[in-house]
Each structure stands twice: as structure tokens, then as C-alpha cells.
Amino acid sequence: MNSYADRVLKLIVMSDLHLFPKGEIRKGLDTAARFAEAIGDANRLYADADLCVFAGDVADTAEVDAYAQFDALRSDFSVPQRVMLGNHDNRNVYLGCANSPMVDENGFVQGYEDIKGHRILMLDTSEPDMHIRYSLLCDRRLTWIGERLAEAKNLRLKVILLLHHNPCAFQMPVDTYRLNEPDRLLKVLKESGAEII
């Protein structure tokens, strides 16, 4: 890796698309048109990106047709992509219609990519069939995170952590949607000894 482009990670993160089924406009908002414009801009300006992560709330109400709309609109996006879930998504619905989703060995929509000296760790904080504001990292997810962090440390990779729900308070209305029991995640992060940036 000699050139600047070979050394510098270029990561695109898009979140809260809140897509509706094809042709639907709600409250005067056409989220599909906005997403199509964003994809067009990303293709035009950032086609050299290493990865694009769609970081949750892909669909507004977790409808199969909304996920189909999502796949159609991003089908000609040239950048490698990964999809995470948010509180408006439903893991069971998404997995029932997704094409080659990112899934860990426990069935959670989470994974990682090792790119240019970095491990991008993408977490599933969603809870299907629970109150829309409810989010957590259960013991199985925390164990998985700890294992991936240990690998990153051994490989001397810097870690970028992505999750849909805020792990700490911002003192804003959005705080009602933050991660429950964030101290449990913080404990795993601290104990790992990994270089988290």
C-alpha cells in the first residue's frame, strides 16, 4: 500500500432512510426520491469508497415492499454494501425477504469488514416485536462483540463501531431511542483492549 488511496479508508454511512413501499408518499414525504438522489450522488462523488453501510431504519414500518424498494433503488450502486437494522425495522421481516443479508452465527443482522487496517464492526441493536423504542445488546451479542474485538486486537486492526441506537445521552429528544444498559457494552469495549477509534 503506497498511494494515499491505498492507505486511507473511505466509508459511507447512511441511516434512517424510512422507505415506504414503491409509489407511496406519506405526510407529503417521498423518501424513495430522497434515497435515489443520495445513491446518485454517492455513485457520482464517492464511487471509490471502500464500503457503504446502511445503518438502520431502512424501512419506515418494516414492510416487505419497502425492503423491496430499498433493494431496487440501490441495485446499481457500485460501492460494496452492508445493511444494519434500526428500531423501525423488523429482523424477522427483513431476513425473510433480504438477498444475502449480513448475519452472524446467532441469526443477528450484524457483522464486520476488515479494510485497510480497520475492522468495521456493525452491530444489531434491534428487537423485533418489542416497543419501537426498545433496543439492547443481549448476552449472545455482547459475547460476539467481545470475540470480534479480541480478533481485531490480535490482528492490530483499529476498530470502528457502528450501531443504530445512541449508546449515550445527547440531551435531545432522540435520547428516548438510545441503547438500553450501555454500560454493559462499555465494559466489553474496555476489557477488550482493542484500539477503538
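Colleague: How many cavities of 30 Å³ or more are there?
Modeller: This is a predicted model, where local features need pLDDT of at least 70, side-chain atom pairs count only at pLDDT 80 or more, and totals for chains, interfaces and linings use all residues. Residues are numbered from 1 along each chain as its sequence is written, and side-chain values use heavy atoms, without hydrogens and water. A cavity is a set of points, on a 1 Å grid over the protein atoms alone, where a 1.4 Å probe fits but cannot get out. With a cut-off of 30 Å³ or more, the count is one.

Colleague: What is the volume of the largest cavity?
Modeller: Its lining (residues with an atom within 4 Å of a point) includes L136, L137, N180 and R184. Volume here is the space filled by probe spheres set on the points, which are joined across faces, edges and corners. For the largest cavity, that comes to about 50 Å³.

Colleague: How many charged residues line the largest pocket?
Modeller: A pocket is an open set with protein on both sides within 12 Å along at least five of seven lines. The largest pocket holds about 200 Å³ of space, and D16, H18, R26 and F35 are among its lining residues. Five lining residues are nonpolar (Ala, Val, Leu, Ile, Met, Phe, Trp, Tyr, Cys, Pro) and two polar (the others, Gly among them), while the charged ones (Asp, Glu, Lys, Arg) number five.

Colleague: Which strand gives the most to the lining of the second largest pocket?
Modeller: This pocket has about 160 Å³ of space, and its lining includes R74, Y94 and M102. Strands are DSSP runs (E, at least two residues), numbered from the N terminus. With three lining residues, the top contributor, spanning residues 81–84, is strand 3.

Technical notes. Helices (H or I, at least four residues) and strands (E, at least two) are DSSP runs, numbered from the N terminus.
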